[in-house]
Amino acid sequence: MANNDAVYYGTGRRKNAVARVRIMPGTGKVTINKRDGKDYFGREALLDYALAPFKVTDTVNHFDVIAICNGGGISGQSGAVRLGIARALLEAGDYRADLKKAGYLTRDSRMVERKKYGLKKARKRPQFSKR
């Protein structure tokens with residue numbers, strides 16, 4: 001492991017998922033919950049989505065990523081890792097303008113709407129009969 005002064009931290013949240021991300025100078029290895037990133041997400045698209053901040057800042061394969069994800073599903077966890085990586089890159093260098101322009105520093109506030117009583121789901125109503 002690298003020395004502790006070259007480790008950068010970021011926390012990301014999306015839906016009900018929380019990701020605590022550490023990045024350190026390395027070769028681009030991605031570890032999520034002690035598993036390889038491709039194995040964990042299962043789909044290449046989710047891993048690409050999570051690693052998008054590296055593409056914007058031209059730092060692909062410059063940092064190793066270690067993330068701990070809790071809650072939500074794999075899609076939400078992928079979004080949480082993306083925000084965590086972006087926040088960690090802020091500490092690592094002068095990438096704020098690039099990340100902000102791409103919209104990677106904004107937390108996606110959309111959440112699942114709660115179910116209301118008298119309804120079948122959040123908005124779906126029982127069928128209406130006039131007679």
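How many salt bridges does a search of the whole structure find? The search finds 4, where a salt bridge is a side-chain nitrogen of Lys or Arg within 4 Å of a carboxyl oxygen of Asp or Glu. The structure is a predicted model, in which local features need pLDDT of at least 70 and side-chain atom pairs count only at pLDDT 80 or more, while totals for chains, interfaces and linings use all residues. Residues are numbered from 1 along each chain as its sequence is written, and side-chain values use heavy atoms, with hydrogens and water left out.

## Charged pairs

Side chains of opposite charge can pair when their charged atoms come close.

| Pair | N to O distance |
|---|---|
| Arg-14 and Asp-108 | 3.4 Å |
| Glu-113 and Lys-116 | 2.5 Å |
| Glu-113 and Arg-123 | 3.0 Å |

The salt bridge between Arg-14 and Asp-108 links distant parts of the chain, since Arg-14 belongs to strand β1 (residues 8-14) and Asp-108 to the segment after α5 (96-102), 94 residues apart. Helices (H or I, at least four residues) and strands (E, at least two) are DSSP runs, numbered from the N terminus. Arg-14 is buried at a relative accessible area of 13%, whereas Asp-108 is partly exposed at 23%; buried means under 20% relative accessible area, exposed over 50%, and partly exposed in between, with a 1.4 Å probe and protein chains only.

Glu-113 forms a salt bridge with Arg-123, and because both residues lie in the segment after α5, the pair ties together parts that are 10 residues apart in sequence. Glu-113 is partly exposed at 36% relative accessibility, as is Lys-116 at 26%, while Arg-123 is exposed, with a relative accessible area of 63%. Salt bridges that share partners also join Arg-14, Asp-108 and Arg-110 into one network.

## The nonpolar core

In soluble globular proteins, nonpolar side chains tend to be buried together. Here the largest nonpolar core has 29 residues, a core being a set of buried Ala, Val, Leu, Ile, Met, Phe, Trp, Tyr and Cys residues joined through side-chain atoms within 4.5 Å. The residues with the most contacts inside this core are Ile-23, Phe-41, Phe-54, Val-81, Ile-85 and Leu-89. Among the elements that give two or more residues to the core are β2 (17-25), β5 (63-70) and α4, and α4 gives the most, with 6 residues. Residues up to four places away in sequence aside, Leu-89 touches partners including Ile-23, Phe-54, Phe-63 and Leu-99, contact meaning heavy atoms within 4.5 Å.

## Aromatic pairs

The whole structure contains 2 aromatic pairs; rings of Phe, Tyr and Trp (its six-membered ring) pair if their centres lie within 6.5 Å, and planes under 30 degrees apart count as stacked, over 60 as edge-to-face and the rest as tilted. The rings of Tyr-40 and Phe-41, with centres 5.4 Å apart and planes at 75°, are therefore edge-to-face, and both residues are buried. Phe-54 and Phe-63, with centres 6.1 Å apart and planes at 15°, are therefore stacked, and they too are buried.

## Gln-77 in helix α4

Gln-77 is found in helix α4 (residues 74-92) and is buried, with a relative accessible area of 6%. A polar atom of the Gln-77 side chain lies 2.9 Å from the backbone oxygen of Gly-71. Beyond neighbours within four places in sequence, the contacts of Gln-77 include Ala-17, Tyr-40, Phe-41 and Cys-69.

Note on methods. A polar contact is a pair of N or O atoms within 3.5 Å; within protein, one must be able to donate a hydrogen and the other to accept it, and residues adjacent in sequence count only if both atoms are side-chain atoms.
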